[in-house]
Amino acid sequence: MSNQDSTKPDLVQDRREQFESETEEYRTEFQTLLHHFRHDLLGVVALVLLGLVLLVTIVGPILLSRGPIEQNYALIRAPPGSEFLLGADQLGRSVLSRIVVGGRYSIAIGVLSVLFAGTLGTVIGGVAGYTDREWLDETFMRSMDVIMSF
């Protein structure tokens, strides 16, 4: 009997240690995503570049000294330098200012397009999934097949 008593605390201690080691290794889905993302060099570089583009397009117009439509006929097609960091176009406008402001519009159009497509796709998918009418489901499916074939 004393032999069983001496092994019982060890068994409980082993189970406790096993449980603690398993809980230390357990990660939430978000932690797992971050773990994999940190080990993906290309993903990290892409995120840094995207962050840089967003930062420039948001803060850039505040920091620029010239507007994108402000013309300077004395500096038509000026090379890159202290006056214009990326040079000037055929009307003497700052190329850098035009790129930064154009980037704001491009990002806004991209975000709105994704939101519109996601909303429309969710509505069509929900109707197709929850309706009892097979002809409606088939119509949606064939329409999507035609769209995806291009």
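Axes here are lines fitted to C-alpha atoms, for helices over the stretch in contact, and angles run from 0 to 180 degrees between N-to-C directions.

## Model and conventions

This is a predicted model, in which local features need pLDDT of at least 70 and side-chain atom pairs count only at pLDDT 80 or more, while totals for chains, interfaces and linings use all residues. Residues are numbered from 1 along each chain as its sequence is written, and side-chain values use heavy atoms, with hydrogens and water left out.

The mean pLDDT (the predictor's confidence in each residue, from 0 to 100) is 86 for the chain, and 87% of the residues score at least 70.

## Overall architecture

The chain has five helices and zero strands, giving the pattern α-α-α-α-α along the sequence. Helices (H or I, at least four residues) and strands (E, at least two) are DSSP runs, numbered from the N terminus.

Of the 150 residues, 13% count as buried; buried means under 20% relative accessible area, exposed over 50%, and partly exposed in between (1.4 Å probe, protein chains only). Among contacts (heavy atoms within 4.5 Å) with a separation of 6 or more, 30% join residues 24 or more positions apart.

## Helix 3 against helix 4

Helix 3 (residues 41-63) packs on helix 4 at an angle of about 120°, and their axes are 9 Å apart. The two helices are therefore oblique to each other; angles under 35 degrees count as roughly parallel, over 145 as roughly antiparallel, 65 to 115 as roughly perpendicular and the rest as oblique. Their crossing is left-handed, meaning that the near helix is turned anticlockwise from the far one by less than a right angle (right-handed if clockwise).

Helix 3 contributes Val 53, Leu 54, Val 56, Thr 57, Gly 60 and Pro 61 to the contact, and helix 4 contributes Val 100, Gly 103, Arg 104 and Ile 107. These residues divide into six nonpolar, three polar and one charged. In this division Ala, Val, Leu, Ile, Met, Phe, Trp, Tyr, Cys and Pro count as nonpolar, Asp, Glu, Lys and Arg as charged, and the others, Gly among them, as polar.

## Helix 4 against helix 5

Helix 4 (residues 95-130) also packs with helix 5 (residues 134-149), at an angle of about 140° and with the axes 8 Å apart. This pair is therefore oblique as well, and helix 4 passes helix 5 in a left-handed crossing.

On the helix 4 side the contact is made by Ile 124, Val 127 and Ala 128, and on the helix 5 side by Leu 136, Asp 137, Phe 140 and Met 144. Six of these residues are nonpolar, none is polar and one is charged.

## Individual residues

Ser 97 is a residue of helix 4 and counts as buried because its relative accessibility is 2%. Apart from neighbours within four places in sequence, Ser 97 touches Leu 64, Arg 66, Gly 67 and Pro 68.

Two arginines lie in loops. Arg 27, in the loop between helix 1 and helix 2 (29-38), is partly exposed at 40% relative accessible area; its contacts, leaving aside neighbours within four places in sequence, are Thr 32 and His 35. Arg 77 lies in the loop between helix 3 and helix 4 and is exposed, with a relative accessible area of 62%. The phi of Arg 77 is near 50°, a positive value in a residue other than glycine.
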